[in-house]
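Visitor: I have a model open and a few minutes. Can you walk me through it?
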Amino acid sequence: MRVAVPICRCRVSPVFDVARRYRVIDVHSGRITDQADHVVCGEPCRELMELAVDQLICAGITRELQIRLRSHGIDVMAGFCGAIDEVINAFLYGRLADGDFNMPGSEWRHHGLPMAQKTKG
Amino acid sequence: MYHEDPVIAETILDSVADGVFTVDSEWRITSFNSAAERITGVRREAALGRQCCDVFRASICESECALRETRDSGLPIVNKAVYVVRPGGRRVPISISTSLLKDSTGRIIGGVETFRDLSLVEELRRKLEQRQSLADIIGRSAVMQDLFELLPAVAASESTVVIQGASGTGKELVASAIHDLSARRGKPFVAINCGALPDTLLESELFGHTAGAFTDARRDKPGRFALAEGGTLFLDEIGDISAAMQMRLLRVLQEREYEPLGAVKPVPADVRVIAATNQDLPELVAAGSFREDLFYRINVMTIDMPPLLERMEDIPLLIEHFVGAFSHLQNKDVAGVSEEVLETLMGHDFPGNVRELENIIEHAFILCSSGLIERHHLPRKLLEKIRPSMVRPPGATLQSIEAFHITDALRRHGGNCRAAAEELGIHRSTMFRKIKALGITVPDQR
């Protein structure tokens, strides 16, 4: 599974639509097998499709872009903020839903939901 | 709160119609007034102490943070137009102003940002500036806005126009719009598909014939040029006409006169010609199948019609238009399409362009008589092209999404739990636990 997270100053970018860099990680069996930072130079949906991304973890994202991504088969988990390494770790350990990285504003939780990649037990 | 009495300061800030928040030197929010709550959709309690960009989510937070600029330059920013993204994803246009907060010794202790909701202003401005339709052409995308801007100028001229675009992109609508916007609008608009007729019939259709011109010609018959006299003649699929017809057409365009079959003298033609093709005319010229002189004669102005795939943002508006039109035509009370249907349609490539979308909505109207058009109203062939995993139920719970992913993975792996667990990156025992807890039925293994 390939996951992208928009990155800005070591944190998740506040608005995906205008993010300039994505961290792209390959996850297999709950572990990162490869990762690279990608500089954005085009339309976000097309960029993610060209990068063959399966899942996007982001903070703010406009509804139009979210629908477009989902319609192209890209899973969107919106409304998460914080230090990028911590957010990615929480994702890998299935702890993203715990609430520690939720952005303020409850409506985000209805959009894209984290899927446990590795359970603690 | 930078006031001797925090309660008074808060009351003052809450009485202001504009959003106001303050930050400390670490960009943490220290105050957040009622208008800020309303505009950003974030409660004060949730905002206080958080990084301002996580709360504010403005388009400039990442690249040109206004408060950072003010801190670095010492200069305030006034009424800069940006947008914020509310929880749920709605984009809100705002104007922001910034200034520094200093203590009594002049030391910078933070910043203040005020912002005004421009949604209403923006909507009014958009309504004034932007047309969502011109004649019967629908679209609010940039390419269609460019077209709307271009058409009145094209219509005002008398030049021949070539409209290029794939089938179903609306070439005839554009030709008709040019006619309606032109000084010829009181006269006829006549269309003919040149590709649909054999050469001899096309000649007779275009130029007409006199009685006795050929065996069955018992009386005079006016051609399309005669019918379009004073108006506009739309020649669709012009790339399909034969070399002989190209020659005859060139002569009409050059001489402004034509000879009906069997006539002894030419008839003057006051007709504006608009041609259309779904082929690449320069390529046909290069291949020698289209006359170069005719190409340059008709190609005074070229309009390229974009495929629907290049203006996907117009789909909701087009759907609204077709739903309204079919509701009216068929006397049905269909309100629109469900979010799931919208997602499905947004994920389709539309090789048949707008006409294909129109056909899909017409198909749905046969099965749906009221309420919202749902996924099962869509053509089966369209649904087969869209993978089930590409469409997710909106507003679902965590459990239902989890169940959705697991069921989908099990289906793809023919009920093989080990393979599905591997794909989802979870342990097999966790998979079994979740299958049991979520009440998922495992399909029989292939």
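Guide: Terms before anything else. Helices (H or I, at least four residues) and strands (E, at least two) are DSSP runs, numbered from the N terminus. This is a predicted model: local features need pLDDT of at least 70, side-chain atom pairs count only at pLDDT 80 or more, and totals for chains, interfaces and linings use all residues. Residues are numbered from 1 along each chain as its sequence is written, while chains are lettered from A and ligands numbered from 1 in the order in which they are written.

Visitor: In what order do the elements of chain A run?
Guide: Reading from the N terminus, chain A goes β-β-β-β-α-β-α-β-α. That is three helices and six strands.

Visitor: And how many helices and strands does chain B have?
Guide: Chain B has 20 helices and 18 strands.

Visitor: Which residues have the most contacts inside the largest nonpolar core?
Guide: A nonpolar core is a set of buried Ala, Val, Leu, Ile, Met, Phe, Trp, Tyr and Cys residues joined through C-beta atoms within 7 Å. The largest one has 59 residues. Val5(A), Val12(A), Leu56(A), Ile57(A), Cys58(A), Phe80(A) and Val87(A) have the most contacts inside this core. There is a second, separate core of 39 residues, which includes Ala177(B), Cys194(B), Phe225(B) and Val252(B).

Visitor: Back to Val12(A). What is it in contact with?
Guide: Beyond its neighbours within four places in sequence, the contacts of Val12(A) include Val5(A), Cys58(A), Phe80(A) and Val87(A). Pro6(A), Ile7(A) and Ile84(A) are also among them.

Visitor: Which residues of helix 3 of chain A are buried?
Guide: In helix 3 (residues 84-92) of chain A, they are Val87(A), Ile88(A), Ala90(A) and Phe91(A). Down the helix axis, the buried residues fall within an arc of 160°, so they line one face of helix 3 of chain A. The arc is that of the directions from the helix axis to the C-beta atoms.

Visitor: What covers that face?
Guide: The cover over the buried residues of helix 3 includes strand 1 (2-8), strand 2 (11-12), strand 3 (21-28) and strand 5 (55-57) of chain A. Gly94(A) follows helix 3 of chain A, with a positive phi near 65°.

Visitor: Which residue other than glycine has a positive phi near 65°?
Guide: Cys10(A) does. Cys10(A) sits in the loop between strand 1 and strand 2 of chain A. It counts as exposed because it has 10 C-beta neighbours inside 10 Å.

Visitor: And Phe350(B), what is its phi?
Guide: The phi of Phe350(B) is near 50°, again positive in a residue other than glycine. Phe350(B) lies in the loop between helix 15 (339-346) and helix 16 (353-367) of chain B. With 19 C-beta neighbours inside 10 Å, Phe350(B) counts as partly exposed.

Visitor: New topic. At what angle do helix 7 and helix 8 of chain B pack?
Guide: Helix 7 (residues 142-156) and helix 8 (residues 171-181) of chain B pack at about 60°, with their axes 8 Å apart. Axes are lines fitted to C-alpha atoms, for helices over the stretch in contact, and angles run from 0 to 180 degrees between N-to-C directions. Helix 7 and helix 8 of chain B are therefore oblique to each other. Angles under 35 degrees count as roughly parallel, over 145 as roughly antiparallel, 65 to 115 as roughly perpendicular and the rest as oblique.

Visitor: Which residues make the contact?
Guide: Leu151(B), Pro152(B), Val154(B) and Ala155(B) from helix 7 of chain B, and Ala177(B), Ile178(B) and Leu181(B) from helix 8 of chain B.

Visitor: Last one: Thr40(B), buried or exposed?
Guide: Thr40(B) counts as buried, with 27 C-beta neighbours inside 10 Å. Thr40(B) is in helix 2 (residues 34-40) of chain B. Apart from residues up to four places away in sequence, Thr40(B) touches Gly19(B), Val55(B), Phe56(B), Val84(B) and Arg86(B).

Terms used
A residue is buried if 20 or more other C-beta atoms lie within 10 Å of its own, exposed if 12 or fewer, and partly exposed in between; C-beta atoms are placed from the backbone. Two residues are in contact if their C-beta atoms, placed from the backbone, lie within 7 Å.
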